[in-house]
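Please look through the sequence and the model below before reading on. The report that follows takes up a few places in the chain, one after another.

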Amino acid sequence: APVVKAIQALSSEIALIENTIAGFAQSITSQKGNFTNELCVGSTCVTPAQFQAMVAAANQSAIVSASTSTATDTPPVIAINGNNPATVQVGASYTDLGATITGPEADLNLGIKTFLNGMLASTIVLDTTAAATDTIDYVVTDTAGNAATSTRTVIVQPAHNEATRDASSSDATSTGQ
């Protein structure tokens, strides 16, 4: 919809310029050789410099409209800082490195909302007392309502020696002597 509005606005401005030029042509032909250094439509006259400024302003307005509509159609881009998936040993502490908005430029200062296993969390605190897999979602919504989500998986795994010890003990048998 913003692109359509920009094109309609540009079309209106071009039609206005075309009408102005047609009026100038009519004014010039009706003057029959009585030329001045101004272009007139009815009782409104502009110098060539004023006319060039009007055309430049119309072009600048069209460029701004087009670039604004493109930016509003583009959702934010989120880069996850650190490993993904991340691993942490059972019993160890986990510090989340977060995420960064990398574009578009208009979105760089938006805030990122964080969700731990689907629940909004102001601080990421993982339960590392047992093996588990957790997800951290980073969500950004821009002023045009475009949303982006990036997800980190965090795997809480048993320490290597603990996993080996558990496997060895399950393979052991009792002889009953």
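## The surroundings of V139

Once its neighbours within four places in sequence are left aside, V139 is in contact with I78, G111, I112, K113, F115, A148 and T149. V139 itself belongs to strand 8, which covers residues 132–141. This is a predicted model, and the contacts of V139 are therefore to be read as contacts within that prediction, where contact means heavy atoms within 4.5 Å.

How many salt bridges does the structure hold? It holds 1 salt bridge, and the side chains that meet in it are those of D96 and R152, with 3.1 Å from N to O. D96 is placed in the loop between strand 4 (86–89) and strand 5 (99–103), whereas R152 is in strand 9 (residues 147–157), so the pair ties together parts of the chain that are 56 residues apart in sequence.

Are D96 and R152 buried or exposed? Both D96 and R152 are buried, which means that each has under 20% relative accessible area.

## Peptide bonds and a backbone angle

Most residues other than glycine have a negative phi, and most peptide bonds are trans. With that in mind, the bond that joins N84 and P85 deserves a look, as it is cis, with omega about 5 degrees; P85 is found in the loop between strand 3 (77–80) and strand 4. The peptide bond from G103 to P104 is also cis, with omega near -15 degrees, and P104 sits in the loop between strand 5 and strand 6 (113–116).

N117 concerns phi instead: its value is near 50 degrees, which is positive although the residue is not glycine. N117 lies in the loop between strand 6 and strand 7 (119–120), and because its relative accessibility is 42%, N117 counts as partly exposed.

Over the chain the mean pLDDT is 78, and 75% of the residues reach 70 or more.

Which residues keep a pLDDT under 50? It stays under 50 over residues 163–177, and for these residues the model has 0 contacts beyond four places in sequence.

Definitions and conventions. Residues are numbered from 1 along each chain as its sequence is written. This is a predicted model: local features need pLDDT of at least 70, side-chain atom pairs count only at pLDDT 80 or more; totals for chains, interfaces and linings use all residues. Side-chain values use heavy atoms; hydrogens and water are left out. A salt bridge is a side-chain nitrogen of Lys or Arg within 4 Å of a carboxyl oxygen of Asp or Glu. Helices (H or I, at least four residues) and strands (E, at least two) are DSSP runs, numbered from the N terminus. Buried means under 20% relative accessible area, exposed over 50%, partly exposed in between (1.4 Å probe, protein chains only). pLDDT is the predictor's confidence in each residue, from 0 to 100.
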